[in-house]
Amino acid sequence: MNRFLVFFAILHATATYGQQNQRMIARQGKLSFFSYTSVENIEATNNQVLSIIDKKEGTIGVSMLMRAFVFKKSLMEEHFNESYVESDIYPKTNFSGKIVDFDSESLNNGVAFIKGNMEMHGATKEIEVKVKIENEGNKLVMTGDFEVPVADFDIKVPPLLTPNIAKIIQVMFRFEYEPYEE
C-alpha cells in the first residue's frame with residue numbers, strides 16, 4: 001500500500017509539473033499603436049498586457065485594459081478613452097487564438113501565423129497575425145504587428161475629426177514569456 005501511495009504522489013507531481021511547463025506567461029507585454037494622418041500622428045503604448053501561451057496546444061490568449069495606454073498628450077488620452085474606445089463601457093480588449101498548422105517546431109526560432117478572435121469595443125473580429133518567435137534561454141519572445149481597421153470595431157469618429165484619425169491603425173507588440181507557475 002505504501003508503494004502505491006509513493007507511486008501515485010510521484011505520478012501526480014510529474015503530471016502537475018508537465019502541465020505547468022506547457023504554459024508560459026507574459027505579465028508585462030508591450031503593445032503600441034500608431035495612427036498616421038496628414039494632420040497629426042497619434043501613438044500610444046500599453047506596457048501592462050497579459051498573455052498566456054500553451055506550448056502543448058499552440059493556443060494563445062491576450063488581455064489588456066484600454067485605460068493602460070499612455071499617450072504623449074493627455075488630451076489625446078482623454079479623447080481615446082472617453083470618445084473612441086469608451087473605456088468605461090468596454091474596459092478590456094481580448095484576443096484568443098491558435099498558431100496555424102501548429103506542431104512542436106512552431107515555437108522554435110522563426111516565423112508563424114496566429115489566427116483567432118479579437119474582441120474590442122463590443123465587437124469581435126477574426127484576425128490573422130504574422131509573428132516572429134525567438135527562444136532566449138528559458139524565455140520565449142514573440143513580436144509582430146498587424147493592422148486594425150477602425151470601422152471593424154464600431155468606433156465612431158465624428159466627421160469633424162475624420163482627418164485627424166487614420167482609418168487603419170498600425171499595432172505592434174512584444175511579449176516575453178516565462179514559465180507559468182501557479
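Predicted model: local features only at pLDDT ≥ 70, side-chain atom pairs only at ≥ 80, totals over all residues.
Lining residues of a pocket are those with an atom within 4 Å of one of its grid points. Strands are DSSP runs of E, at least two residues in length, and are numbered from the N terminus.

The chain contains two helices and nine strands. Along the sequence, these elements follow the order α-β-β-β-β-α-β-β-β-β-β. Of the 182 residues in the chain, 36% are buried. Among contacts between residues at least 6 apart in sequence, 59% join residues at least 24 apart.

The largest pocket has a volume of about 750 Å³. Its lining comprises 40 residues, and those nearest the centre of the pocket are Phe 33, Phe 80, Val 85, Met 120 and Ile 169. Two or more lining residues are contributed by each of β1 (23-35), β3 (59-65), α2 (74-84), β5 (92-99), β6 (110-120), β7 (123-136), β8 (139-149) and β9 (168-179). Helix α2 supplies the largest share of this lining, with five residues. By class, the lining of the largest pocket consists of 33 nonpolar, five polar and two charged residues.

The second largest pocket holds about 160 Å³ of space. Its lining is formed by Ile 25, Ala 26, Arg 27, Gln 28, Gly 29, Lys 30, Lys 139, Arg 174, Phe 175, Glu 176 and Glu 178. The elements that give two or more residues to this lining are β1 and β9. Strand β1 gives the most to the lining of the second largest pocket, namely six residues. By class, this lining has six charged, three nonpolar and two polar residues. Strands β1 and β9 are also among the elements that give two or more residues to the lining of the largest pocket.

Nonpolar side chains tend to be buried together in soluble globular proteins. In this model, the largest nonpolar core has 44 residues, and Phe 33, Ile 53, Phe 69, Met 142 and Tyr 177 have the most contacts inside it. Phe 33 is also one of the residues that lie nearest the centre of the largest pocket. For Tyr 177, the contacts beyond four places in sequence include Met 24, Ile 25 and Ala 26, and also Ser 51, Ile 52 and Ile 53.

Asn 46 is located in strand β2 (residues 42-54). With a relative accessibility of 0%, which is under the 20% limit, Asn 46 counts as buried. The side chain of Asn 46 reaches the backbone oxygen of Leu 65 at 3.0 Å. Asn 46 and Ala 68 are 22 residues apart along the chain, and their C-alpha atoms are separated by 5.5 Å. When residues up to four places away in sequence are not counted, Asn 46 touches Gly 29, Lys 30, Leu 31, Met 64, Leu 65, Ala 68 and Phe 69.

His 121 lies in the loop between β6 and β7 and is buried, with a relative accessible area of 7%. The phi angle of His 121 is near 55°, a positive value in a residue other than glycine. Excluding residues up to four places away in sequence, His 121 touches Tyr 84, Val 85, Glu 86, Tyr 90, Phe 153, Asp 154 and Ile 155. The side chain of His 121 reaches the backbone oxygen of Asp 154 at 3.2 Å. Asp 154 lies in the loop between β8 and β9. Asp 154 is partly exposed, at 41% relative accessibility, and its phi is likewise a positive value near 55°.

Ser 87 lies in the loop between α2 and β5. Its relative accessibility is 4%, and Ser 87 therefore counts as buried. Apart from neighbours within four places in sequence, Ser 87 is in contact with Met 66, Arg 67 and Asn 81.

Terms used: Residues numbered from 1 in each chain as written. Heavy atoms only, no water. 1 Å grid on protein atoms, 1.4 Å probe; cavity = no way out; pocket = protein on both sides within 12 Å on 5 of 7 lines; lining within 4 Å. Points joined across faces, edges and corners; volume = space filled by probe spheres on them. Helix = DSSP H or I, 4+ residues; strand = E, 2+ residues; numbered from the N terminus. Nonpolar A, V, L, I, M, F, W, Y, C, P; charged D, E, K, R; others polar. Buried < 20%, exposed > 50% of the residue type's maximum accessible area, 1.4 Å probe, protein only. Polar contact = N/O pair within 3.5 Å; in protein donor to acceptor, adjacent residues only side chain to side chain. Contact = heavy atoms within 4.5 Å. Core = buried A, V, L, I, M, F, W, Y, C linked by side-chain atoms within 4.5 Å.
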